[in-house]
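Here is a short briefing on a predicted model, covering its domains, their contact and the ligand site.

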Amino acid sequence: MTNTRPTVAVLGTGIIGTAIARNLARDDFAVRAWNRTRDKAEALTADGVIATDSPADAVTGADIVLTALNDGPRVLAAVKAAAPALRPGTVWVQISTVGVDAIDELAALARELDLVLIDAPILGTKGPAEQGQLVVLAAGAPASRDVVQPLFDTIGRRTVWVGDDAAAGSATRLKLVLNSWVLVLTHGVGEALALAKGLDVDPQLFLDLIEGGPLDTGYLRLKSAAIISADYTTSFSVDNAHKDATLILQAADHAGVHMDVVAAGADRFQRASQQGHGAEDMAATYFASFDK
Ligand SMILES: NC(=O)c1ccc[n+]([C@@H]2O[C@H](COP(=O)([O-])OP(=O)(O)OC[C@H]3O[C@@H](n4cnc5c(N)ncnc54)[C@H](OP(=O)(O)O)[C@@H]3O)[C@@H](O)[C@H]2O)c1
C-alpha cells in the first residue's frame, strides 16, 4: 500500500518532540528528525524515524515542519538553518512555548520563507504526549487546517482552534494564561509540602484532610506524590518552567498586568536551578524553600 501520509520533519526531540515523533511514525507518517544532541533523534530510528544531521537534512522533502525546541531563539535558529532546503508553501507547526514577542519574529521568518505558520502550543506534559493525549491550542490559516488536523489527531485528543492568523499569537497568549495557572499550582504544592516538613507535619495528614473536597486537585496529587517519593523524573523541567515564567512576566508587563505570584515563582525556579535542580521536574521548586 502506498503511504499517503505527509512527511513530517520534527526539529527538536527533547521530551515532547520525542513523544510526538514516535507517535507520528507509529501512525504511518514519514518522520525525519533532527536534534542538537543526535543520540535522542537516533533513539527513534527503531520506530521508523529517520535521524538526520542538520535541520536542512530533516526538512528535505517534508510537507510539514514541526518545531519542538525549548524557546523562541532556538526555534528561529533551527528554521533559519533549515531554510535552504525548505519548499515554499511548507506548513510549519510550531508547538514550542515561545511567548508573544517571539511570535512576531517567527511570523516574519515564515513570511520571508513563504511558509504557512501554525501557532500550536500544547497543553499536556510527558505522559499525555507519549499517549497521544495532548490538547493542541491552534491558530493559523483555515486553508491549512485540513493538512494539519490528521497530525494533531495523532498527537492529541483535542484541538482548540482559537484564531485564523498565527501572527496574531492568540494560541500563544492562551498558552501563557494556562501556564500561569500551572506554575502557581506547582509552587503551591511545593510550598505547602515544604512548610509541612519545616513544621514537622506529616504531609499525608494535609493530603487526607482535603481529599475529595473543593481544595483537592489531581495536580496536587500528582506533584505531591513526586515530592513525597523524591522522584523528580522530568515531565517539564525547572529551567523550562523558569523560561515560561519569564515569558508570562514579559507579556504581562506589556499588558500592564501585575503578576506578583508568577514573579515570586520565577525566583523560586531560579533558586532551584542554582541548587542544581534545573533539569529535574518543576516539582523540584520544593527545594527552593530550603537554604540547601
Ligand atoms: N515538557 C512539557 O511538559 C511541555 C508541555 C508543554 C509545552 N512544552 C514546551 O515544548 C518545548 C519543548 O519542551 P521539552 O519539555 O521537550 O523540552 P526539553 O526536553 O528540554 O527539550 C528541549 C529541546 O530544545 C533543544 N535545545 C535546547 N537548547 C538548544 C540549543 N542551544 N540549540 C539547539 N537546540 C537546543 C534540546 O536539544 P538537546 O536535546 O540537544 O538539549 C531539545 O531538543 C518547550 O518550549 C516547552 O516549554 C513542554
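The centres of domain 1 and domain 2, taken over C-alpha atoms, are 27 Å apart. Domain 1 spans 7–168 and domain 2 spans 173–289; such bounds come from an automatic or database domain assignment. This is a predicted model: local features need pLDDT of at least 70, side-chain atom pairs count only at pLDDT 80 or more, and totals for chains, interfaces and linings use all residues. Residue numbers start from 1 along each chain as its sequence is written.

**Domain contact**

- Domain 1 puts 14 residues into the contact, and domain 2 puts in 15 residues. Two residues are in contact if their C-beta atoms, placed from the backbone, lie within 7 Å.
- On the side of domain 1 that touches domain 2, α5 (99–113) and α6 (126–130) each supply at least two residues. Helices are DSSP runs (H or I, at least four residues), numbered from the N terminus.
- The largest share of that side, 3 residues, is from α5.
- That side of domain 1 holds 6 nonpolar, 5 polar and 3 charged residues. Ala, Val, Leu, Ile, Met, Phe, Trp, Tyr, Cys and Pro count as nonpolar, Asp, Glu, Lys and Arg as charged, and the others, Gly among them, as polar.

**Ligand shell**

- The ligand is surrounded by 25 residues, a residue being near if its C-beta atom, placed from the backbone, lies within 6 Å. The closest are Gly14, Arg36, Thr37, Thr125 and Phe236.
- α1 (15–26) and α11 (238–255) are the elements that give two or more residues to this shell. The largest share, 3 residues, comes from α1.
- By class, the shell has 13 polar, 6 nonpolar and 6 charged residues.
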